[in-house]
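Keep the 3D view open while you read.

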Amino acid sequence: MSAMQQALPLVALVGRPNVGKSTLFNRMVGSRTALVDDRPGVTRDRLFGECRHEDRIFRVVDTGGFELDTTDQMLLSVREQAQLAVDEADLVLFVLDAEAGVQAADHDIVELLRKANKPVIAVANKVDTQGHEERVGELYELGLEAVLPVSAEHARGVAELCDLIVE
Ligand code: GDP
């Protein structure tokens, strides 16, 4: 990674496994090849990419997911990488799954993000159609100020999300 790339604002995608982080990452970064963080000690690949929106560029890092309630060594290391990504980020994108609803791990992540004291944008992914939007309401039980409905797979709401990030 060049010094110039490191100077760009960094947005970290966090959320439980399977909520659609990598789909959203690919949607934001596009087809350009993502860079892998190959610094020593970084055991799990953290994918970095650049997102261009309007006349702005920011970096996006996809974390492996936050499996908080685990003793599995590999998953613990994934969690460390996610924490590292949050620590380095200027803004955190907290990805929720509107289809699966709120799960225990989501509450844990909310706690962790509160402690991190970083600006957070919460998105409800898998809101593929207008009819799915009612599912977003349930996610407010997490105490989040706003939850933006998106569909990474169908590119719904992603431009609005990028507007918010740039703002
Ligand atoms: P990650 O583990 O959080 O990185 O999640 P992935 O990006 O690997 O996605 C997990 C699963 O959710 C995959 O089967 C995706 O195809 C699916 N998925 C991702 N985004 C959407 C979406 O917007 N709508 C629907 N219906 N499925 C999605």
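Of the 15 residues around the ligand, which come nearest? They are N18, K21, T23, D128 and E153. Keep in mind that this is a predicted model.

What kinds of residues make up the shell around the ligand? It divides into 3 nonpolar, 6 polar and 6 charged residues. Helix α2 (residues 21-29) gives the largest share of that shell, with 3 residues.

Now for some distances between the protein and oxygen atoms of the ligand:

| Residue | Atom on the protein side | Distance to a ligand oxygen atom |
|---|---|---|
| G20 | backbone N or O | 3.0 Å |
| K21 | polar side-chain atom | 2.7 Å |
| K126 | polar side-chain atom | 3.1 Å |

Taken alone, the ligand exposes 580 Å², and the protein buries 73% of that.

Next, let's move over to strand β1 (residues 10-14). Is β1 mostly covered or mostly open? It's mostly covered, with 5 of its 5 residues buried. L10, A12 and V14 point one way from the strand, while V11 and L13 point the other way, and all are buried.

Which strands pair with β1? One is β4 (residues 56-62), which runs parallel to β1 and is joined to it by 4 bridges.

Methods
Residues are numbered from 1 along each chain as its sequence is written. This is a predicted model: local features need pLDDT of at least 70, side-chain atom pairs count only at pLDDT 80 or more; totals for chains, interfaces and linings use all residues. Side-chain values use heavy atoms; hydrogens and water are left out. A residue is near a molecule or strand if one of its heavy atoms lies within 4 Å of it. A polar contact is a pair of N or O atoms within 3.5 Å; within protein, one must be able to donate a hydrogen and the other to accept it, and residues adjacent in sequence count only if both atoms are side-chain atoms. Accessible areas come from the Shrake-Rupley method with a 1.4 Å probe; for residues, only the protein chains shown count as cover. Helices (H or I, at least four residues) and strands (E, at least two) are DSSP runs, numbered from the N terminus. Ala, Val, Leu, Ile, Met, Phe, Trp, Tyr, Cys and Pro count as nonpolar, Asp, Glu, Lys and Arg as charged, and the others, Gly among them, as polar. Buried means under 20% relative accessible area, exposed over 50%, partly exposed in between (1.4 Å probe, protein chains only). Two strands pair if DSSP finds at least two bridges between them.
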